Amino acid sequence: DKCLRQVARFCSFNLMDKDFAAFSKCCYDVRHNVKQSCFEWCDNHGRCAADMMKVCPAQEPMDTTECMLKKKDLLSSDCTDSPYYKSLEDGVEEMRKDRKNAKESRRSDRKSV
């Protein structure tokens, strides 16, 4: 994703992998430093960042997503009404499938060594 690559200049992938809530806040904080075409993408992450940090802190992206979907009632309407949250709801099945395939691929890689 082009916006993710722009944000990565300011907010590391390492941060994203370890603490997606902090990464989302960082993304929001640097939204003025990215190209205009990615401002809204960062702004939308920011609409959920505070909720993520409070409800689902210090988790990798998929665990954060699962947490946010399970605890929707604890999130603000600003977050749950955002395009970012809607995309989580729409894309979670695909993310789960990708995650399962990645785990199975790692297992078969270990067996072939």
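**Reading buried contacts and disulfides**

User: What lies 3.2 Å from a polar atom of the side chain of threonine 64?

Analyst: The backbone oxygen of glutamine 59 lies at that distance from a polar atom of the threonine 64 side chain. A pair of N or O atoms counts as a polar contact within 3.5 Å. This is a predicted model, and the distance is computed from its atoms.

User: Where is threonine 64, and is it buried or exposed?

Analyst: Threonine 64 is placed in helix H5. Burial is read from relative accessible area, and under 20% means buried. Threonine 64 counts as buried because its relative accessibility is 1%.

User: Which residues does threonine 64 contact beyond its neighbours within four places in sequence?

Analyst: With those neighbours left aside, threonine 64 is in contact with Phe20, Met52, Cys56 and Gln59. For methionine 52, the sequence separation from threonine 64 is 12 residues, and the C-alpha to C-alpha separation is 7.4 Å.

User: Met52 belongs to H4. What should I read from the span of H4?

Analyst: Compare the distance from first to last C-alpha with the value expected at 1.5 Å a residue. H4 covers residues 36-55, 20 residues in total, and reaches 30 Å, close to the expected 28 Å. The span does not tell the whole story. H4 also has a kink of about 40 degrees, centred on cysteine 48.

User: Which residues of H4 are buried?

Analyst: The buried residues of H4 include Cys42, Asn44, His45, Cys48 and Met52. For cysteine 42 the relative accessible area is 0%. Histidine 45, at 5% relative accessibility, also counts as buried.

User: What surrounds histidine 45, apart from neighbours within four places in sequence?

Analyst: Histidine 45 contacts Phe20, Ser24, Cys27, Met52 and Tyr84. Of these, cysteine 27 is buried at 0% relative accessibility.

User: Which residues touch the most other members of the largest nonpolar core?

Analyst: They are Val7, Cys48, Met52, Met68, Tyr84 and Tyr85, in a core of 24 residues. Two or more residues come from each of helix H1 (2-8), helix H3 (20-29), H4, helix H5 (61-70) and helix H7 (83-111).

User: How many disulfides are there, and what is their pairing?

Analyst: A disulfide is a covalent bond between the sulfur atoms of two cysteines. The count here is four. With the bonded cysteines numbered in sequence order, the pairing is 1-4, 2-3, 5-8, 6-7.

User: Why is the disulfide of cysteine 3 and cysteine 38 called left-handed?

Analyst: The handedness is read from the torsion about the S-S bond, here about -85 degrees, so this disulfide is left-handed. Distant parts of the chain are linked: cysteine 3 sits in helix H1 and cysteine 38 in helix H4, 35 residues apart. The S to S distance is 2.1 Å, and both cysteine 3 and cysteine 38 are buried.

User: What is the handedness of the link between cysteine 11 and cysteine 26?

Analyst: That link is left-handed, with -90 degrees about the S-S bond. Cysteine 11 is in the loop between H1 and helix H2 (13-18) and cysteine 26 is in helix H3, so the pair ties together parts 15 residues apart in sequence.

User: And what is the handedness of the disulfide of cysteine 48 and cysteine 79?

Analyst: The torsion about its S-S bond is about 100 degrees, so this disulfide is right-handed. It links cysteine 48 in helix H4 to cysteine 79 in helix H6 (residues 77-80), 31 residues apart. Cysteine 48 and cysteine 79 are both buried.

How values were computed: Residues are numbered from 1 along each chain as its sequence is written. This is a predicted model: local features need pLDDT of at least 70, side-chain atom pairs count only at pLDDT 80 or more; totals for chains, interfaces and linings use all residues. Side-chain values use heavy atoms; hydrogens and water are left out. Helices (H or I, at least four residues) and strands (E, at least two) are DSSP runs, numbered from the N terminus. The expected span of a helix is 1.5 Å times one less than its number of residues. The bend at a residue is the angle between axes fitted to the seven residues ending there and the seven starting there. Buried means under 20% relative accessible area, exposed over 50%, partly exposed in between (1.4 Å probe, protein chains only). Contact means heavy atoms within 4.5 Å. A nonpolar core is a set of buried Ala, Val, Leu, Ile, Met, Phe, Trp, Tyr and Cys residues joined through side-chain atoms within 4.5 Å. A polar contact is a pair of N or O atoms within 3.5 Å; within protein, one must be able to donate a hydrogen and the other to accept it, and residues adjacent in sequence count only if both atoms are side-chain atoms. A disulfide is a pair of cysteine sulfur atoms within 2.5 Å.
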